[in-house]
Amino acid sequence: MEKNLKELSPRRVWEKFYEITRVPRPSHHEDAIREYLLAEAHTHGIEAEADAAGNVIMRKAATPGMESRKGIVLQAHMDMVPQKNGDKAFDFVRDPIEAYVDGEWVKADGTTLGADNGMGMAAILAVLESDDIEHGPIEALITATEETGMVGANGLKGGMLRGDILVNLDSETEGELYVGCAGGLDASMTFSYEEESVPASSTAFLVEVKGLKGGHSGIEIVLERGNANLVLFRLLKMAEKAFGLRLSSVDGGGLRNAIPREATAVALIPQEKLQTFGEMVKTFDTLIRAELKGVDDGVTVTAGDTSMPASVMDTESQNRLLNAVQGCPNGVIRMSPSMPGLVQTSTNLARVVSENGTVRMQALLRSSVDSEKEYLAETMTSVFTLAGAVVTPSGGLESQYGFADPENDDRILRGALRPQAGCHGDPRRTGVRYPGRQVPEPRHDLVRTYDPLSALAG
Ligand SMILES: [Zn+2]
């Protein structure tokens, strides 16, 4: 079965991948793979060295006539994540991975396959060892101990590399090319309110917005799904205006990077307005279903009886709160002008929760253009400051992440790689990858290569 692996196409890549599977290389046990890489370079007359951080750097001169081209650095990492099934007897420090071909897939028998990032190394070696590919000056950077803290990358000394363009080959999705990473910024808004006794002759309702699909706010924001917090507050504001609804408490959304799927509020309605309120909720439910038709067909808005709360918000604070949420920017703010279908700037009002005289809100702003992110943060700050809230874009510069402005004149995008990436990939995701490795991403293979029974498209 191992023979099959080497017969896959492109053959040179699979031959190298097969060799790599034979070299044990869990993080922190990387001497063997480093020696393999240096030996490969030696065999093929490629200049190579290992640096103090354990990285391997290789250099191959341009093919004749291509010397003036920009230098390219191909990057991968040498270690792998060692995971196995409970009943598999296997020592990642000593045993070669048992890789085999199963139909359209290359799999490992009861362990991780190490395609992350064995395929990256295999592709690099295939290029370096080739004599039939025309290229400018090429360097390879194979970093050490990536999976447990990017030790090699962090330890790389300045001046080791000469190339201008670095192509990282540590990605799991075929046909996709990432040229940047959207930056994020947490915004927290806090309202204070007085707790007042409940008005006489009123009835308490639990208003519930449910059935929305939600999703990851960095990935699914482009789908224009409903935001449960905004749906809820829209109804609350309508009822405040029409009948003087009094808000007692609110609880919407959950994780800061999730589009909220559910939101609830306890509100009081004057008894003489009960019927009108019931009709308003029904009409609003129909309206929201119509607006979200085809996007969030499961949405429901209901109001049911609930026990009388101990207090309500003072009317002035409530009014400021409802106005601020109404004015809060949300969803896609700007699409990329140069990459069709790519969200450039967005925000998501993820969480709204009241407790003991304060309402806390959290939004996560994202943009691949720093200045747009900062402008959006300032807009949010303006709206909530006008409404009397305290706004804290948290963390300062340190906690913000993201790099690269894909709108800049980027020669990689204009070169050969872009059309290649666009051929098979999802064009919506060709451009910028949102960070968030903590969340298994839908339509992304990140989980698969960490699963014990990992598989790789053949
Ligand atoms: Zn990796």
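**A guided tour of the predicted model**

The structure on the screen is a predicted model. Next, select residues 395-399, where pLDDT stays under 50. In the model this stretch has 3 contacts beyond four places in sequence. Residues 404-409 also have a pLDDT below 50, and this stretch has 17 contacts beyond near neighbours in sequence.

Five of them form an open sheet of 5 strands in the order 1-2-6-3-7, with mixed pairing. Select strand 1 (47-50) and strand 7 (165-168): these are the edge strands, and each pairs on one side only. From one strand to the next, the twist averages 20°. In general, the strands of a sheet pair through backbone hydrogen bonds, either parallel or antiparallel.

For an antiparallel pair, select strand 2 (residues 56-60) and strand 6 (residues 138-143), which are joined by 5 bridges. Within this pair, Arg59 has Glu139 of strand 6 as its bridge partner.

**Strand 3 and its neighbours**

Centre the view on strand 3. How many of its 6 residues are buried? The number is 5, and strand 3 is thus mostly covered. Strand 3 runs parallel to strand 6, with 6 bridges between them. Strand 3 also pairs with strand 7 in the parallel sense, over 4 bridges. Select Leu74 to see both pairings: Leu74 stands opposite Ala140 in strand 6, and the bridge partner of Leu74 in strand 7 is Val167.

**The nonpolar cores**

Move on to the largest nonpolar core, which has 52 residues. Those with the most contacts inside this core are Leu232, Leu236, Leu247, Ala265, Ala267 and Ala363. Which helix gives the largest share of this core? Select helix 6 (residues 228-243), from which 8 residues of the core come.

Then select Leu247. Leaving aside residues up to four places away in sequence, Leu247 touches Leu236, Ala265, Ala267, Val312, Met313 and Gln318. Finish at a second, separate core of 34 residues, which includes Tyr18, Met119, Ile124 and Leu141. In soluble globular proteins, nonpolar side chains tend to be buried together.

Definitions and conventions
Residues are numbered from 1 along each chain as its sequence is written. This is a predicted model: local features need pLDDT of at least 70, side-chain atom pairs count only at pLDDT 80 or more; totals for chains, interfaces and linings use all residues. Two strands pair if DSSP finds at least two bridges between them. Helices (H or I, at least four residues) and strands (E, at least two) are DSSP runs, numbered from the N terminus. Axes are lines fitted to C-alpha atoms, for helices over the stretch in contact, and angles run from 0 to 180 degrees between N-to-C directions. A nonpolar core is a set of buried Ala, Val, Leu, Ile, Met, Phe, Trp, Tyr and Cys residues joined through C-beta atoms within 7 Å. A residue is buried if 20 or more other C-beta atoms lie within 10 Å of its own, exposed if 12 or fewer, and partly exposed in between; C-beta atoms are placed from the backbone. Two residues are in contact if their C-beta atoms, placed from the backbone, lie within 7 Å. pLDDT is the predictor's confidence in each residue, from 0 to 100.
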